[in-house]
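Let's take a walk through this model together, starting with the chains one by one and then looking at how they meet. Keep the viewer open as you read.

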Amino acid sequence: MNPTPNMKTKLGKNVFKPGKERHISIRPGFENDPRLKAAIYACPAGLYSENSKGEVELDIDGCLECGTCRIACGTEVLDWNYPIGGVGVQFRFG
Amino acid sequence: MEKFEVIVVGAGLAGLSAAYALAREGIEVVVIERGDYPGAKNVTGGRLYIQPLQDFLPELWKEAPFERAVTNEIITLLSPDKSLTLRFRSDEFARPPAHSYTVLRGTLDRWLAKKAEEKGTMLVAKNRVDDLLKRDGKVVGVLAGGEELGADVVIACDGALSLLAEKAGLKSPGTSQGYAVGFKEVIEMPSQTIEDRFALKTGEGAAQLFLGDLTKGRFGGGFLYTNRSSLSLGLVIRIKDLAEGNPHKEAPQFLEEFKERPEIAPLIAGGEMVEYSAHLISEAGYANFIRPYADGLLVAGDAAGFSLNVGLTVRGMEFAVASGVLAAQTVKQARDKKDFSAASLSAYQSMLEDSFVLKDLKTFQHAPAFLDNPRLFQHYPQMAGDLLQSLFTIGSRPKQKFSTTIREKITWSEAWEILKDLRKGLKI
């Protein structure tokens, strides 16, 4: 369930500006919520994975800010925002 | 509190078109963009159809930095080990101004922002708008980077997710049934290589859509657009289908497998992948359209749900430009009356209804229901491949008549199913 090895190389081609805060997080207590499973399959950057305890984890590095996880899982389980200004992915081609 | 006449949120095609049209009229407008520059957070497939824009900033599109004029429309049906391609070429599509152009938003949006700035637009990049400022239930500005900024009217052009339309109570969070995600690679290669591989005249381009086994029965398809010296190659898949599809497969894996197909691999061989991006797409058409105005607020572009997939064509950017310009016209009228109430701004809705934006969305309101049919994404592409395989094959045994082969492949019950699907298709 880890991101495909290819994926990190792929995301490495993008320009990302690091920020201090996580702009998306799983709401505390919801790590086992079945609704989170949707993001494992739907996230186009493969940033969601399931750990050995059956909890869903989010690795925010490489987020494309598309909003797919917000739609797939809902805001009850995800605390979702865009990164603050001047932070995150900066598409050069788009 | 600093105050402006108009605050536009988001430097995409809707926001920048609105700003350009406002600034041109001498109206004070500031565009707030969270990316480092206009386009930094924007993604298209993609292509822009130019003719719907003849009434919307026509002077601009003549000099826009487009990639290639699309003269070749290609449709490919994929089954696991076969494919059928239909290629349509038209001189008419090539005649300037061409019918549609491939675009990259990095180039296009920065260029449009410059044009808007030349007319007097103020552009504030690297700033996220966090909330709407409201007084007595009316929108009176925005909160951006901890600062309160006032405005007579705010135009929310903050994209398909539109958190601002949600905050204004015009929209509820989208459903996984109503939205798809598009994700693509930009693959660089020399211009000449693109023209050779796609058999294109100099400067001309191709747009190729793929349907079938690449999404394993999920609602969606693939796309390939030729840019000047790169290809945009990607997939669009409905979020619900990604989440629930059986057997499960992670989104990025679909694209990896697509790239390995013999129909694709030779086209991208030797190219350098330079960017991987993703974007949300509203797929419900007219059903996802929201009331695009409130007291002191207008909503334009993807934020208002303006996108339209009818299978053969997938559109969004023309709607963004047109709705941005119409929002600007609405603001101008409201400013003349000094009335920015919802009642005054509702003129926007009538303008949208009189334009191609809502007319096209309404005309094709049955398209999503027709496209919501797993047979389209798996069965028919497979059937087409199987039928052609049989017709083309010369085997060891004497060949049977074509009509016999066709009758074997398309049984009565199959024909009945096809008729039922066609009937739905005729509503489009």
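**A tour of the two chains**

Going along the sequence, chain A runs α-β-β-α-β-β-α-β-β. That comes to three helices and six strands, where helices (H or I, at least four residues) and strands (E, at least two) are DSSP runs numbered from the N terminus. Before going on, some ground rules: this is a predicted model, in which local features need pLDDT of at least 70, side-chain atom pairs count only at pLDDT 80 or more, and totals for chains, interfaces and linings use all residues. Residues are numbered from 1 along each chain as its sequence is written, while chains are lettered from A and ligands numbered from 1 in the order in which they are written.

Back to chain A. Its C-alpha atoms fill a box of roughly 35 × 30 × 20 Å along the principal axes. The radius of gyration, taken over C-alpha atoms, can be set against a globule rule of 2.2 Å times the number of residues to the power 0.38. For 94 residues a compact globule would come out near 12 Å, and the 13 Å of chain A agrees with that. Of those 94 residues, 43% count as buried; a residue is buried if 20 or more other C-beta atoms lie within 10 Å of its own, exposed if 12 or fewer, and partly exposed in between, with C-beta atoms placed from the backbone. Among contacts in chain A between residues at least 6 apart in sequence, 67% join residues at least 24 apart, a contact being two residues whose C-beta atoms, placed from the backbone, lie within 7 Å.

Now for chain B. Here the secondary structure amounts to 17 helices and 19 strands. Chain B is as compact as a globular protein of its length, because its radius of gyration of 23 Å is close to the 22 Å that the globule rule gives for 428 residues. Its C-alpha trace spans about 85 × 45 × 40 Å along the principal axes, and buried residues make up 50% of the 428. In chain B, 72% of the contacts with a separation of 6 or more are between residues 24 or more positions apart. An automatic or database domain assignment divides chain B into domain 1 (2–67 + 103–171 + 290–354), domain 2 (179–282) and domain 3 (370–425). The centres of domain 1 and domain 3 of chain B, taken over C-alpha atoms, are 47 Å apart.

How confident is the predictor? pLDDT, its confidence in each residue on a scale from 0 to 100, averages 95 in chain B, and 100% of the residues there score at least 70. For the complex, the predictor gives an ipTM of 0.96 and a pTM of 0.96.

So where do the chains meet? The contact takes 43 residues from chain B and 34 residues from chain A. On chain B, the elements that give two or more residues to the side touching chain A are α4 (105–118), β11 (179–188), α7 (239–244), α8 (251–260) and β15 (272–282). The largest share, eight residues, comes from β15(B). By class, this side of chain B has 20 nonpolar, 13 polar and ten charged residues, with Ala, Val, Leu, Ile, Met, Phe, Trp, Tyr, Cys and Pro counted as nonpolar, Asp, Glu, Lys and Arg as charged, and the others, Gly among them, as polar.

Zoom in on α4(B). This helix has 14 residues and reaches 19 Å from its first C-alpha to its last, close to the 20 Å expected at 1.5 Å a residue (the expected span is 1.5 Å times one less than the number of residues). Its buried residues include Leu108(B), Asp109(B), Leu112(B) and Lys115(B). An α-helix has 3.6 residues a turn, so residues three or four places apart point the same way. Among what covers the buried residues of α4(B) are α1 (13–24), α2 (58–61) and β7 (122–124) of chain B. After α4(B) comes Gly120(B), with a positive phi near 120°.

A few backbone spots deserve a look too. Gly45(B) and Gly46(B) are joined by a cis peptide bond with omega about -25°, and Gly46(B) sits in the loop between β2 (29–32) and β3 (47–49) of chain B. Another cis peptide bond links Asn246(B) and Pro247(B), with omega about -5°; Pro247(B) is in the loop between α7 and α8 of chain B.

Methods
pLDDT = per-residue confidence, 0-100.
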